[in-house]
Amino acid sequence: MFESELLPKLPLDSLLAEVQSRLQAVVSARDGVHALLEAVVSIGRELDLETALRRIVEAAIDLVDCRYGALGVVGPDGQLAQFIPLGLTAGEIARIAEWPHGRGLLGLLIKEPEPLRLAEISEHAESYGFPEGHPPMRSFLGVPILIRGEVFGNLYLTEKNGGREFDEQDETIVTALATAAGIAIENARLYDASRRRETWLDALAEVTQALLSGSSVDEALTLIATHARTMSSAASAVVVAPDDDGSGLMRVLAADGDGSPPLRGVRFSAAGTLSQTVLESGEPRTVTAIERGVEPAPLLDQLPTGPALLVPLGSRPRVRGVLVLVKRDGDPPFAGAAVRMLHAFASQAAVGLELADARKEAERHGLVDDRERIARDLHDVVVQRLFASAMSLTAAARLIDRPDVASRVERTVDDLDATIRQIRSTIFALQSAKEDASDTLRRRLVTTVQAAADQLGFAPGLQLVGELDNAVPDELGDQLAPVLQESLSNVVRHAHAHQVTAVVELAGGWLRVSVADDGVGLPAQRRNSGLANLAERAELLGGRFTAGPGVAGGTVVRWEVPLRR
């Protein structure tokens, strides 16, 4: 009786054990679902793309209880453009000889975006093995992350804790996480694009305002380099352009970031360089990593060795220069969205440079018009009135009986004539204004006299008469500054003068230079080396040179040559 009552309990124990096991599975599944939901909420809350990617890997490692996890971002070329590993120590990362590029098992997931679960990595036909320094790994679970049907990247999980293998439930949970991750990544990318666009607009507005408010081109280019480096998270930003001297060299116009101060003003040969390629094609060029010595790269050799981007400033046929951006070694390369944004920024900045040039050209033309108007008014009004006054005084002098009064009137007429000549000289200077005033003949003569003022201790007088800039040939004009300088040097060395007047005049087909001082005069015995040089210059040009005492003392030297022989 007692044994018969015990026997029916044996199947009941088995059934209870099975129920308990299934309850534990349900609880485990419930916990997994809760953990999955928490992970989805956690990664969905994050809007920074880089942080979101790391959160996804952390969540996947926690959900399946494994040791290592990574997320690989697939680039446009089908290779891994970015690899984010977790679970490795800094020492383990440093010992790995080469990071994955997207070959072997990782490449299989890129070509065939389906979940892959393995008990032993090395037994798979696509396994290439691990690079030197890589920690050993056996179990493997890979799941693709899809965004709008396109592969963004893959989740890689290895070494499930306790020596276990990844099971079907792990695959289901990670696949669900990857689906939520795709949505979170898309949101983060949209937010990142919106933030970048806002930064781009602010930077472009600042550059345009600086250009149109009168800032120099160098300041604007530095501003462009600074904003571009900030927008792209690059380590260095450099703006280069062909040198203006026609030498075929390129010059660094602006630099910002690592190594920027020594780079400013550096010139380098453009032949065969990436900068020259971008300058000629008008299209951006990306470099995954700078390899020293592979091709001519005198500029890139001085910058960090990470990914690089070269963007044209402008479009063909008007490419003003190249914006070079370089990241540090190990940083992710420039992605398509960033390249397009930086290309658009550089193009718009180039438009701003063109507008600034156009504004300066318009201001220059306005200045030229103003100078011509002033010259016309001086000639048509002021000179004519002075000339009429001189004529009236000349006629009146003939009617004056007292010689002293008549002499004073005649001196006044002479002063008026000198004033008229000076005004006409000013008119010629206004009409012959050049874009580069430092290269005009008048400017060179003024500079020569200003240099002599430092040695004399006072400013010499200077009169420039006639259309010197336009009518004097270059080969003859090149003689004037040395002649004037030598004449003033003689005054400095020998005259002990307190007043010096220099006159350069073009009149009657002759070009004349005279320098008069109130010094001690010419000594009876003197070395004639300086004066002999002046005489020789005049004779070679078919002219003449004289040196003698002035009417009121001192010395007067005259150097004159025909305008055309």
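Two aromatic rings of Phe, Tyr or Trp (its six-membered ring) form a pair if their centres lie within 6.5 Å; planes under 30 degrees apart count as stacked, over 60 as edge-to-face and the rest as tilted. The views below show a predicted model, in which local features need pLDDT of at least 70, side-chain atom pairs count only at pLDDT 80 or more, and totals for chains, interfaces and linings use all residues. Residues are numbered from 1 along each chain as its sequence is written, and side-chain values use heavy atoms, with hydrogens and water left out.

View 1. The structure holds two aromatic pairs. One aromatic cluster is formed by Phe 83, Phe 140 and Tyr 156. A pair of aromatic rings is described by the distance of the centres and the angle of the planes. Elsewhere, Arg 544 has its charged end over the ring of Trp 510, 4.4 Å from the ring centre. A charge sits over a ring if NZ of Lys or CZ of Arg is within 6 Å of the ring centre and within 35 degrees of the ring normal.

View 2. Helices (H or I, at least four residues) and strands (E, at least two) are DSSP runs, numbered from the N terminus. Two strands pair if DSSP finds at least two bridges between them. Strand β4 covers residues 140-147, and seven of its eight residues are buried, so the strand is largely enclosed by the rest of the structure. Buried means under 20% relative accessible area, exposed over 50%, and partly exposed in between (1.4 Å probe, protein chains only). Strand β3 (residues 116-118) pairs with β4 in the antiparallel sense through three bridges, and Leu 116 stands opposite Gly 142. Eight bridges link β4 and β5, also in the antiparallel sense; Leu 146 has Val 151 as its bridge partner in β5. Two residues lie between the strands of this hairpin, where Arg 148 takes a positive phi near 55°.

**View 3. Asn 154 in strand β5.** Asn 154 belongs to strand β5 (residues 150-160). Is this residue buried or exposed? Asn 154 counts as buried, because its relative accessibility is 0%. Its side chain makes a polar contact of 3.4 Å with the side chain of Tyr 156. A polar contact is a pair of N or O atoms within 3.5 Å; within protein, one must be able to donate a hydrogen and the other to accept it, and residues adjacent in sequence count only if both atoms are side-chain atoms. Leaving out residues up to four places away in sequence, Asn 154 touches several others, among them Ala 70, Leu 109, Val 143 and Pro 144. Contact means heavy atoms within 4.5 Å.

**View 4. Strand β6 and the strands beside it.** Six of the seven residues of β6 are buried. Strand β6 (residues 236-242) runs antiparallel to strand β7 (residues 249-257), with seven bridges between them. Val 239 stands opposite Ala 254 of β7. Strand β6 is also joined to β11 by five antiparallel bridges. Ser 236 has Gly 257 as its bridge partner in β7 and Val 326 in β11. Strand β7 in turn pairs with β8 (residues 267-269) over three bridges, in the antiparallel sense.

View 5. In helix α9 (residues 274-281), Leu 274, Ser 275, Val 278 and Leu 279 are buried. Seen down the axis of α9, these residues fall within an arc of 135°, so they line one face of the helix. The arc is that of the directions from the helix axis to the C-beta atoms. The buried residues of α9 pack against strands including β6, β7 and β8. After the helix comes Gly 282, with a positive phi near 70°.
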